[in-house]
Amino acid sequence: MGVTSSNKTISTDRIDCGGTLRVKLALTAAPDILSNPTDIVLALDRSGSMSGAPLESMKEGAKTFIDILAESTGGGGSGEIGAGSRIGVVSFAASATVNAPLITSVADLKDAVDALAAGGNTNHAAAFSAAKDLFDPASANAKVIVMFTDGNTTAGSPPAPVAAQARAQGIVIYCIGLIGTDGLDVAALNNWASDPDTTHVAVTPDAADLEELFAELAANISKSGATDIKILETIRPDFIITGVAAPEKGTVTMLDARSLRWNIPELGVTASESAVLEFFIRHLGQSSGLLKVNESITYSDAEGNLVLFPDPEVEVDCGVEVYPEPCPVPVDLTVEGCADAVEVDLGQISLESQGRIIQMDVTIKNVCPGRRVALAAILTEVGEGGQEYPRGMKTMTIPAHRSPGCRDVLVKCIRFVVPEDLDVSGGTQDAICNPRKFKARFLANSIDTDWRCCEAEITV
């Protein structure tokens, strides 16, 4: 059967700047279909949400699947599925229909697929039950269900118990998911599919990709298990690899901070077998937005299996920070080699009064994109009797951000210089270390709004 499934997943779809992710690579391989005849049931979704392009793409994908199995089992020239393997077709909407029992005729199977029409709700339990009942318990053939669906369960009983019963009977379940108008419950697909679920589920939002998904699954089912597997993973410069878990199968070598190589001597040569590798990565720099994790990932094995891995993306939130007041300009100086001391004239600076510097940060909540904000910082000092004395007010314009939605903006380093001769704490006169109590207040408002006066002109 070759490599029957490949997947790459990440532990979350959103992290903060500098956050970490767990990345999981997974493969499943199985023995050659020529020496291990297999009965395969295609369980195809024909509910109402499949109307139009999704249904046509699914049909083309299913027929491509049938052609590849016929060719790989030596029956392509005769128009039959060969080597003792068979394919059946079950379709489902509000109920399930057996469109073709387990047969070998390629023409009859394609006619059954072409006859499908979309309409109705989605009953996954009925589909699993009808597909499971097509298999002959007395047959020594391997048993596989390929479930295709584009939506959530909207009719019938819960499908998970029926899928679990099928798996308990030794039936291997693969799920192909299309994210359609009704959405798609990927967690449900993972629950229905054989373990590990990450290697038995493929999902796409594009109906045009269905034929490729069906073709990849059929091509891999028809080949032998894989030997001398080499996977080279390189992540983007926005991330570094911080750790690698030892895989149960094969060995992993870190090539540098962004690359690793996973070698597996053999997988699925005598029985269906899976391998999983987990490693951890950390985000670098200040790059926000939707970032791809992969720079590249390549696969090779001695059998020439075609293996493609998904290209996951993560939303990185580095926040918005504004520094309204520049720091003092530094003066560069150099200490020559072997010098014990250096003398540098840094010019003059005036000290008008002994004082203290108060530096504050504030977060402005829910600032929408394209809107500047007027911010005022008010500082008062509290005297012995609780009376407040003004010590300063600053106003500043916070520039607009370009994030896709409203978000918080962190304004940093708002500084006040408070002379000691204004001390109202009641402590020792002329002391510069008296404790002093202050209060700070902030006012903020959007400068840019959508409001405008009516500007209509009336001409008589």
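1. Let's start with a word you'll need throughout: two strands pair if DSSP finds at least two bridges between them. Helices (H or I, at least four residues) and strands (E, at least two) are themselves DSSP runs, numbered from the N terminus. With that in hand, look at β7 and strand β8 (residues 172-178), which pair in the parallel sense over six bridges. In that pairing, Met147 stands opposite Cys175 in β8.

2. A quick word on what you're looking at. This is a predicted model, where local features need pLDDT of at least 70 and side-chain atom pairs count only at pLDDT 80 or more, while totals for chains, interfaces and linings use all residues. Residues are numbered from 1 along each chain as its sequence is written, and side-chain values use heavy atoms, with hydrogens and water left out.

3. Stay with β7 for a moment. Strand β4 (residues 38-45) also pairs with β7 in the parallel sense, over seven bridges. Here Ile40 stands opposite Val144 in β7. So how enclosed is β7 by the rest of the structure? Largely, because seven of its eight residues are buried. Buried means under 20% relative accessible area, exposed means over 50%, and partly exposed is in between (1.4 Å probe, protein chains only).

4. Next, the aromatic rings. A pair of aromatic rings is described by the distance of the centres and the angle of the planes. Rings of Phe, Tyr and Trp (its six-membered ring) pair if their centres lie within 6.5 Å; planes under 30 degrees apart count as stacked, over 60 as edge-to-face and the rest as tilted. How many aromatic pairs does a search of the whole structure find? It finds two. Phe128 and Trp192 make an edge-to-face pair, 5.6 Å from centre to centre with 80° between the planes. This pair links distant parts of the chain, 64 residues apart: Phe128 is in helix α3 (residues 124-134) and Trp192 in helix α5 (residues 186-192). Both Phe128 and Trp192 are buried.

5. Then there's Phe148 with Phe214. Their ring centres are 6.1 Å apart and their planes sit at 45°, so this pair is tilted. Again distant parts of the chain are linked: Phe148 belongs to strand β7 (residues 142-149) and Phe214 to helix α6 (residues 210-221), 66 residues apart. Phe148 and Phe214 are both buried.

6. Now for an open sheet. Four strands line up in the order β1-β3-β14-β11, with antiparallel pairing. At the edges are β1 (2-10) and β11 (239-244), each pairing on one side only. From one strand to the next, the twist averages 25°. (Axes are lines fitted to C-alpha atoms, for helices over the stretch in contact, and angles run from 0 to 180 degrees between N-to-C directions.) Strand β3 (residues 20-30) and strand β14 (residues 273-283) run antiparallel and are joined by ten bridges. Arg22 has Phe280 as its bridge partner in β14.

7. Val23 also sits in strand β3. Is Val23 buried or exposed? Val23 counts as buried, because its relative accessibility is 0%. Pro54 comes 31 residues away from Val23 along the chain, and their C-alpha atoms are separated by 31 Å.

8. There's another open sheet of four strands, with antiparallel pairing in the order β12-β13-β10-β16. Its edges are β12 (251-256) and β16 (294-300); each has a single partner strand, so one side of each is left without a neighbour in the sheet. Here the twist averages 15° from one strand to the next. Eight bridges join the antiparallel strands β10 (residues 226-235) and β13 (residues 259-267), and the bridge partner of Glu233 in β13 is Leu260.

9. A backbone point to check by eye. Most residues other than glycine have a negative phi. Asp228, in strand β10, has a positive phi of about 50° although it is not a glycine. With 42% relative accessibility, Asp228 counts as partly exposed. Asn366 lies in strand β19, and its phi is near 55°, also positive in a residue other than glycine. At 54% relative accessibility, Asn366 counts as exposed.

10. Finally, Val331. You'll find Val331 in the loop between β18 (321-322) and β19 (355-367). Because its relative accessibility is 51%, Val331 counts as exposed.
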